[in-house]
Amino acid sequence: WVDDVSLWRSALRDTPCSYVEASFGHVLYRDHRFRDALAMFQRSLQADPPRLEVCPKILDLAGKLDSPAEVLEAAEAARAHGCMGAEDRGKYAVYLSLNGRWEQAAAEAEVVVEADRAGRAALVLATWDVVRGDCTRYRALRTDWKGDSLEGQMQHLLHYGGHQELGAALARGSVCPELPPLDEGATP
C-alpha cells in the first residue's frame with residue numbers, strides 16, 4: 001500500500017467489479033483526478049449490477065469538465081442509466097442550455113422547476129425567456145434568488161448557449177431595462 005489510489009487500483013486489477021470501480025472513482029475524485037473519476041463512475045454505472053449511487057457524482061463531475069459538449073455527453077450517459085432525480089434534471093437542463101439546446105433544456109426544466117431546490121431549472125427557464133424577449137420570470141427570479149450572482153450565471157448560460165451578444169447586453173444592464181441594477185455583492 002502506498003496510498004488510496006494504489007490500493008484501489010490493485011483492487012480493481014485483482015477483483016474487477018462495479019463496487020470496486022465505484023469506490024475507485026470516489027478515491028480518484030478526492031484526489032482531484034476528475035476525468036479519471038468520471039470514467040470510473042461511468043464504468044461502474046454500465047456494469048452488472050450498475051452502481052446507481054454514483055449518479056450524483058457523475059453529474060457533479062460533468063460540471064467540472066472544460067467542454068460543454070463533454071459535460072452533456074457525460075450527463076446523457078448517466079440519464080440513459082436512470083440517473084435523473086429533480087436536482088439532477090435541473091443540472092441536465094443547464095448542460096443542455098450550455099450546448100445551445102434551449103428548447104429541450106426548457107422542456108426538461110419545466111418538468112422539475114418546482115422540485116429543483118437548487119434553482120437550476122428556474123435559472124434555465126428565466127434565461128430562455130430572456131432569449132425570447134420575455135423578462136417576466138427573470139424579474140420574479142431576481143427577487144427570490146438565493147445563490148451566486150444570478151446575472152453572472154445567466155451570462156454564462158447565454159455565452160456558451162450561443163447568445164453571446166445577449167449575455168454582453170445583460171452584463172451592461174440593457175436587457176430588461178425596466179429592472180433596477182442589483183448592487184454589487186448584494187444577494188438578490
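Predicted model: local features only at pLDDT ≥ 70, side-chain atom pairs only at ≥ 80, totals over all residues.
Reader: How many aromatic pairs does a search of the whole structure find, and what kind of pair do Trp8 and Tyr19 form?

Author: The search finds three aromatic pairs. In the pair of Trp8 and Tyr19, the ring centres are 6.5 Å apart, with 65° between the planes. Planes over 60 degrees apart count as edge-to-face, so with three pairs found in the search, the one formed by Trp8 and Tyr19 is edge-to-face.

Reader: Which helices does that pair of Trp8 and Tyr19 link?

Author: The two residues are eleven apart, and the pair links distant parts of the chain. Trp8 is in residues 4-14 and Tyr19 in residues 18-30, which are helix α1 and helix α2.

Reader: Is Trp102 buried or exposed?

Author: Trp102 forms a stacked aromatic pair with Trp128, 5.9 Å centre to centre and with 10° between the planes. Trp102 lies in helix α7 and Trp128 in helix α8, so the pair ties together parts 26 residues apart in sequence. Under 20% relative accessible area means buried; Trp102 has 3% relative accessibility, so it counts as buried.

Reader: How do α6 and α7 run relative to one another, roughly parallel or roughly antiparallel?

Author: Their axes come within 8 Å and cross at roughly 165°. Angles over 145 degrees count as roughly antiparallel, and therefore α6 and α7 are roughly antiparallel.

Reader: What is the handedness of the crossing where α6 passes α7?

Author: Residues of α6, including Tyr92 and Leu96, meet residues of α7, among them Trp102 and Ala105. As α6 passes α7, the crossing is left-handed.

Reader: Which residues is Leu38 in contact with, leaving aside its neighbours within four places in sequence?

Author: Leu38 lies in helix α3, and at 7% relative accessibility it counts as buried. Its C-alpha atom is separated by 6.3 Å from that of Leu61, 23 residues apart along the chain. Beyond those sequence neighbours, Leu38 is in contact with Ile58, Leu61, Leu65 and Ala74.

Methods. Residues numbered from 1 in each chain as written. Heavy atoms only, no water. Phe/Tyr/Trp six-rings, centres within 6.5 Å; stacked < 30°, edge-to-face > 60°. Helix = DSSP H or I, 4+ residues; strand = E, 2+ residues; numbered from the N terminus. Buried < 20%, exposed > 50% of the residue type's maximum accessible area, 1.4 Å probe, protein only. Axes fitted to C-alpha atoms, helices over the stretch in contact; angles between N-to-C directions. Parallel < 35°, antiparallel > 145°, perpendicular 65-115°, else oblique. Left-handed = near helix turned anticlockwise from the far one by under 90°. Contact = heavy atoms within 4.5 Å.
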